[in-house]
Amino acid sequence: AQIALGGAEVRCQTCGGHLGDIFSDGWKFVGTPAARTGKRYCIDGAALVFRPAGSGEKEVRGDRLPPNKVIQYDQPMYRTTSSS
């Protein structure tokens, strides 16, 4: 997907780890900050660590569910085919 979009890799300044990609097709997303800047960021949530400021709460890593968080998933809908 990155081939025709002219994407560039975003890396951590401290460790050099891959954080995501930035694309120059933001103009396609009218009414968003991406349309104003022309840049669209695609950041890997698993690469992030959220540290609540001054709340005393534990950090939440992007690759794990927040503590005491229940995610409601919709039942997957599969189209069944009959074998003839």
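Predicted model: local features only at pLDDT ≥ 70, side-chain atom pairs only at ≥ 80, totals over all residues.
User: What pattern does the chain follow along the sequence?

Analyst: Helices (H or I, at least four residues) and strands (E, at least two) are DSSP runs, numbered from the N terminus. The chain has 1 helix and 5 strands. Reading along the sequence, you get β-β-α-β-β-β.

User: Which strands stand at the edges of the sheet?

Analyst: Strands of a sheet pair through backbone hydrogen bonds, either parallel or antiparallel. Here two strands pair if DSSP finds at least two bridges between them. The open sheet has 3 strands in the order S1-S2-S3, with antiparallel pairing. Each edge strand has a single partner, so one of its sides lacks a neighbour in the sheet; the edge strands are S1 (8-11) and S3 (40-43).

User: Which residue in S2 is the bridge partner of Glu9?

Analyst: S1 and S2 run antiparallel and are joined by 4 bridges. For Glu9, the bridge partner in S2 is Asp21.

User: Which side chain does Arg11 meet in a salt bridge?

Analyst: A salt bridge is a side-chain nitrogen of Lys or Arg within 4 Å of a carboxyl oxygen of Asp or Glu. The rule gives a count of 2. Arg11 is partly exposed at 46% relative accessibility, and its N to O distance is 3.1 Å in a salt bridge with Glu9.

User: How far apart are the closest N and O atoms of Asp25 and Arg40?

Analyst: Side chains of opposite charge can pair when their charged atoms come close. Asp25 is buried, with 7% relative accessibility. Asp25 and Arg40 form a salt bridge, and their closest N and O atoms are apart by 2.9 Å.

User: And where are Asp25 and Arg40 in the chain?

Analyst: Their salt bridge links distant parts of the chain, 15 residues apart. Asp25 is in the loop between S2 and H1, and Arg40 is in strand S3.

User: Where is Ser24, and how far is it from Tyr41 in space?

Analyst: Ser24 is in the loop between strand S2 (18-23) and helix H1 (33-37). At 46% relative accessibility, Ser24 counts as partly exposed. Ser24 and Tyr41 are 17 residues apart in sequence, and in space their C-alpha to C-alpha distance is 8.9 Å.

User: How many disulfides does a search of the whole structure find?

Analyst: A disulfide is a covalent bond between the sulfur atoms of two cysteines. The cut-off here is a pair of cysteine sulfur atoms within 2.5 Å. The sulfur of Cys12 is 3.7 Å from the closest cysteine sulfur, in Cys15, which is too far for a bond. Across the whole structure, the search finds 0.

User: Is Cys15 buried or exposed?

Analyst: Cys12 counts as partly exposed at 22% relative accessibility. Cys15 has a relative accessible area of 62%, so it is exposed.

User: What share of the residues of the chain count as buried?

Analyst: The chain has 84 residues. The share that counts as buried is 10%.

Definitions and conventions: Residues numbered from 1 in each chain as written. Heavy atoms only, no water. Buried < 20%, exposed > 50% of the residue type's maximum accessible area, 1.4 Å probe, protein only.
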